Amino acid sequence: MTTDTDTPADRLRAELLAVASPLAVGRPPSVVREWTDTQELHDEPVGHRYFALLAVERGAGTEHFDEVTAAFAAAGWHAHRWTGHTEGTARASAKRDGFEVTAHQGRGTGVLTLSGHTPVVFVPGREGLRRPLHTLSTGTGVLCTDCQGWGICLICEGTGRHHTPGRTGYGRCQCWGGQAGPGRCVDCAGQGRTAPPVPPPWRRQEPAPAEPTPPAEAVPASALDALTTAAGRPCTCGSLSCHWQLARTRTELRVSAPCQSCARPRSYSFPLPTPR
Ligand SMILES: [Zn+2]
Ligand SMILES: [Zn+2]
Ligand SMILES: [Zn+2]
């Protein structure tokens, strides 16, 4: 049960564990990683958003995935299962009170990952701010450097009107010339994020630059062990923030997701234990 003194991070963790616990078979659900995004306005921190990545050992195939959306719905969440995903995998999203969760079960792994986050919680005195469209660890792509995820023009703070020193009254802000319209960020057209740069075709056809051969991975005891190992490794940009997902082929376990700081695709492969 949560109380008024709990932090938003405590509430998120407790909510996710409450939904996940009845879904787990064997070991109870585990919190793989928790992290916080700081939201700034004109270089001042004005709020925070909290994230948690949980793993749930289910041992069941994706044919039982409807139990996941049912568990969220029973706890008062608005849950939706997404179809059209890769065969053998399942994905759902759930929302409640500004909390958002994505559930993912990879083919044959028996482990469900839950990536959840709170709404942006503003610091005292700044509660009147409207919520940014994105913070560093939400969505795909890179946070817009111009508006830091707010989606609004930070010169006029979304009003579309701007005071020019030496003149009386307010005039149109320069964002009126942007394609997204007055008050919106010109750089990202009000999206808050920008797509990761796509290499031009002539570069994609070049042979990949030689990378140092990674050391052979140890055989993990379970998909959960592989996930925990990957989640402990920072991206080359230094970030540990990642909504990891699991997948399995005949020979290996793959833990992958885009980095939530730089949008670089990240992936680790672990050999499967040899059957005996
Ligand atoms: Zn922007
Ligand atoms: Zn403006
Ligand atoms: Zn990164």
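This is a predicted model: local features need pLDDT of at least 70, side-chain atom pairs count only at pLDDT 80 or more; totals for chains, interfaces and linings use all residues.
Let me start with one residue, leucine 227. Apart from its neighbours within four places in sequence, leucine 227 is in contact with Val32, Ala55, Val111, Trp244, Leu246 and Val255.

Leucine 227 belongs to the largest nonpolar core, which has 53 residues. The residues with the most contacts inside that core are Leu16, Leu54, Val56, Val111, Leu114 and Leu227. Strand β2 gives the largest share of this core, seven residues.

Now the chain as a whole. The protein chain has four helices and 14 strands. There are 276 residues, and 34% of them are buried. Of the contacts with a separation of 6 or more, 54% are between residues 24 or more positions apart.

A word on confidence. The average pLDDT of the protein chain is 88, and 88% of the residues score at least 70. One stretch to treat separately is residues 206-211, where pLDDT stays under 50. For that stretch the model has zero contacts beyond four places in sequence.

Next, helix α1. This helix covers residues 8-20, which is 13 residues, and spans 18 Å from its first C-alpha to its last, close to the 18 Å expected at 1.5 Å a residue. Which residues of α1 are buried? They are Leu12, Glu15, Leu16, Val19 and Ala20. These residues cover an arc of only 125° around the axis, so they sit on the same side of α1. What do they pack against? The buried residues of α1 pack against β2 (44-57), α2 (66-74), β5 (99-105) and β6 (111-117). Leu16, one of the buried residues of α1, is also among the core residues with the most contacts.

Strand β4, residues 90-96, runs antiparallel to β5, and seven bridges join the two. Serine 93 has threonine 102 in β5 as its bridge partner. β4 and β5 form a hairpin with two residues between them, and aspartate 97 in the turn has a positive phi of about 50°. β5 also pairs with β6, again in the antiparallel sense, over six bridges. Here glutamate 100 has histidine 117 in β6 as its bridge partner. The hairpin of β5 and β6 has five residues between the strands, and glycine 108 there takes a positive phi near 70°.

That brings up backbone angles. Most residues other than glycine have a negative phi. Aspartate 43, in the loop between β1 (30-41) and β2, has a positive phi of about 65°. Glutamine 148, in the loop between β8 (142-143) and β9 (161-162), has a positive phi near 55°. Is each of them buried or exposed? Aspartate 43 counts as exposed, because it has 6 C-beta neighbours inside 10 Å. Glutamine 148 has 21 other C-beta atoms within 10 Å, so it is buried.

Last, glycine 183, in the loop between β10 (171-172) and β11 (193-194). Glycine 183 has 19 C-beta neighbours inside 10 Å and therefore counts as partly exposed. Leaving aside neighbours within four places in sequence, its contacts are Ile152, Cys153, Cys156, Gly158, Thr159, Gly160 and Cys175. Take cysteine 156 from that list: it is 27 residues from glycine 183 along the chain, and their C-alpha atoms are separated by 6.9 Å.

Definitions and conventions:
Residues are numbered from 1 along each chain as its sequence is written. Chains are lettered from A and ligands numbered from 1 in the order in which they are written. pLDDT is the predictor's confidence in each residue, from 0 to 100. Two residues are in contact if their C-beta atoms, placed from the backbone, lie within 7 Å. The expected span of a helix is 1.5 Å times one less than its number of residues. A residue is buried if 20 or more other C-beta atoms lie within 10 Å of its own, exposed if 12 or fewer, and partly exposed in between; C-beta atoms are placed from the backbone. The arc is that of the directions from the helix axis to the C-beta atoms. A nonpolar core is a set of buried Ala, Val, Leu, Ile, Met, Phe, Trp, Tyr and Cys residues joined through C-beta atoms within 7 Å. Two strands pair if DSSP finds at least two bridges between them.
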